[in-house]
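Open your viewer and get ready to click along. We'll go stop by stop, selecting one piece at a time.

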Amino acid sequence: MHLFSVPCGDMTARYDHDEATGTVGFTLAPATVPLDAATGLAAPADERPPEAGTAPLVQLSVTGDRSVHQWSEGVTLRDRSTTRELALTGHHRDVHAGTTTATVQLATPDGIRATHVLRWREGEPCVEIETSVVNGTDRPLTLQLLSSFSLDGVAAVGPGRDDPGDTVVHRLRSGWSSEGQLVSQTLRELHLEGWPRVALGVERFGQLGTMPVRGFAPSVVVEDRATGTVRGAQLCWPGSWQIELFRHWGALSVAGGLADGDFGHWRKALAPGDSFTAPRAWLTATAAVTRKNTHNTTSAADSCYQRLVAMQDAHSPHDRAAERELPAQVNEFATTWGRPTHDRLVAMAERLAGTCVKYLVADAGWYDGGHGDWTKIKQSAFPDGLAATAKAVRDHGLVLGLWVEAETCDEESTAFSLTEHLLHRDGVPVTAGRRRFWDLRRPETAELLLGRIATLVTDHGIGYLKIDYNEPLGAGCDGAESVGEGLRQQVAAALDFYARLRERLPDVVIEHCASGGHRLEPATMSVSDVTSFSDAMEGDHLPIVAADTNRLVPGARSLVWAVPRTGDSDATLVYKLASGLLGRLCLSGDFLELGPGQWQLVADTLDLYERARPALASGRWHRYGPPVSGYRHPEGWQALVRPTPEGDGVLAVLHAFGSPPTTPVRVPLPPGPAFTLDAAVASGPPPDLHDGALYWLPPAPFTATACRLVRPARG
């Protein structure tokens, strides 16, 4: 039975109620698609297989409850007896000051209460879901699962609409220096065909530890080709997480949240009256838009990923006015490889003076001893101290930045032996390689570290802080009822630490990095101004990763490395520099050794970047080109096109890989008046413009072109 629906801009949230069981289901569909076509749940009950039932909008399990589905033990903790006992007790909808809120309240017969809250803020492309539970019984309980969201009606059901090949699951696989690769599989390929129909099918994926974008990113997009509906979900959490695809009786539902007791070693004790709230999740839905050109079909999932990423801008800090200008930066790590000096930094600042580069970052190696103490400046490299270097850099119009790894300390530091301030597991300090981890749950520890970093920055005139993180914590730590809960508390404390650091340093720009892009998720981005897209500093695959990570974070906040070397040919140099234009430009490499012609290419790229910043700021992009398989020996080509919000300009970045096309590739441009070429850097001749498209013939393998196109000003 239909309970109620909630208009959310170009989406509709729908709630259905199974009166026989009390179960409430939730689904989301684009407003332009009739609900009876977009989802099996929205169809009248007599048109759906009755055995499919309604998938509960809250998945909840406590220790001691029982499994319901045969062969589900060890496979999933969802749909257990506690979840099945949750029944509707109330619901309401409010609209106030541009925010729509839908609340559904559920309870078990013995008093466990769960609340699902949906919020949609006018103009936003996603809804936000928050789920909480209260122990209303007279006995202690131990949670082992609480979903952030559970979405029903994902795949169409019913006669002629149950082909598992019609439903495609899109995920973003990630590894070190290879973040964000789009992997698309049908339900058939995922072995979720559901035959026989009573068979249970579960695909559970996620991450264990404190690098949330390791293995997979914490998001999923499901495309229903039978109805032309695409739905996406994003978890806002930088700790252990999971997402489950659950298929039973021909119906598919998707749930996600904290990694549970089986998957993430998580147990949470609740005394009578205690409550717990799961991390937030963002969900979106849109009608599938497939763009075709002469060379490929672009994934319909991209529209969903762009909507999920756009939410980061709506919920991210905007208190640094200078950051809206999207200044370029230079990080000297690939210049000195951990050996920055005063003289080198000042010489680089002198060469960069007058360009659009604003920040010059001294990466790891500026300190004596190991990292983690943050009290010892390397005297041999900075004989007059960092403050003198910061002033000299500022005299050339730039701002000095500094690298720290805030959450860890290494074995050469004094902090490594301060075990009372460090995380333990099984009674001993958690040691990962050469690193240990500060216990940020301890107020005195967090305040000690906060004071040291803030003093370092303010005493030396630092205006930019790069915060790195290069070892995951693993399953968790002592100090709570389970190691998974210990980890959850540490992650929450780390987010609070970074929020307080921003308050303590109101004028300092903060970058977050985790071995490159292993924390490209919304909660970390909410305490960051910018982020490192990847550690893919050099290599033929760099532009592939740079394009892929646009599905994870806004390009305007994603620092993409371009590392020129003195031995590079002009074509290779353009290939690298054009890669940096796939996000916020971050230069490194052999700055002072480049010849005049090489430096001119760098200067031209900086000029192009400065002109094209409005297109980067828009957040919109279109990718063209065949799917690129493999990083070691990529073949084919790709193009990323960014239009300005007003439609008066375009930034187009094209790369050719191995076995490039032998005839010009065609890249469609936004419709309207013809564009003209304003600025370009190119390997060989720049592209041609005619018939509403850009045409480019790669002159050789591993070449590139980047250009800004403009339309005539309207009179």
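Which residue in strand 2 stands opposite Ser5? Select Ser5 and look across: Arg14 is the one facing it. A quick word before we move on: this is a predicted model, where local features need pLDDT of at least 70, side-chain atom pairs count only at pLDDT 80 or more, and totals for chains, interfaces and linings use all residues. Residues are numbered from 1 along each chain as its sequence is written, and side-chain values use heavy atoms, with hydrogens and water left out.

**Stop 1: the sheet**

Now select residues 11-17, which are strand 2, together with strand 1. These two pair in the antiparallel sense over six bridges (strands are DSSP runs of E, at least two residues, and helices are runs of H or I, at least four, numbered from the N terminus; two strands pair if DSSP finds at least two bridges between them).

**Stop 2: helices 8 and 9**

Jump to residues 443-459 (helix 8) and 483-504 (helix 9). They pack at about 35 degrees, with their axes 11 Å apart (axes are lines fitted to C-alpha atoms, for helices over the stretch in contact, and angles run from 0 to 180 degrees between N-to-C directions). Helix 8 passes helix 9 in a right-handed crossing (the near helix is turned clockwise from the far one by less than a right angle). Show side chains for the contact (heavy atoms within 4.5 Å): among them are Leu449 and Ile453 of helix 8 and Phe497 and Arg500 of helix 9.

**Stop 3: helices 12 and 13**

Next, select 570-580 for helix 12 and 596-618 for helix 13. Their packing angle is about 25 degrees and their axes are 10 Å apart. The two helices are therefore roughly parallel (that label covers angles under 35 degrees). Asp570, Leu573, Val574 and Leu577 in helix 12 meet Gln598, Leu601, Val602 and Thr605 in helix 13.

**Stop 4: confidence**

Finally, colour by pLDDT, the predictor's confidence in each residue, from 0 to 100. The chain averages 92, and 94% of the residues score at least 70. Over residues 37-48, though, pLDDT is below 50. Residues 291-297 stay under 50 too.

Key: Angles under 35 degrees count as roughly parallel, over 145 as roughly antiparallel, 65 to 115 as roughly perpendicular and the rest as oblique.
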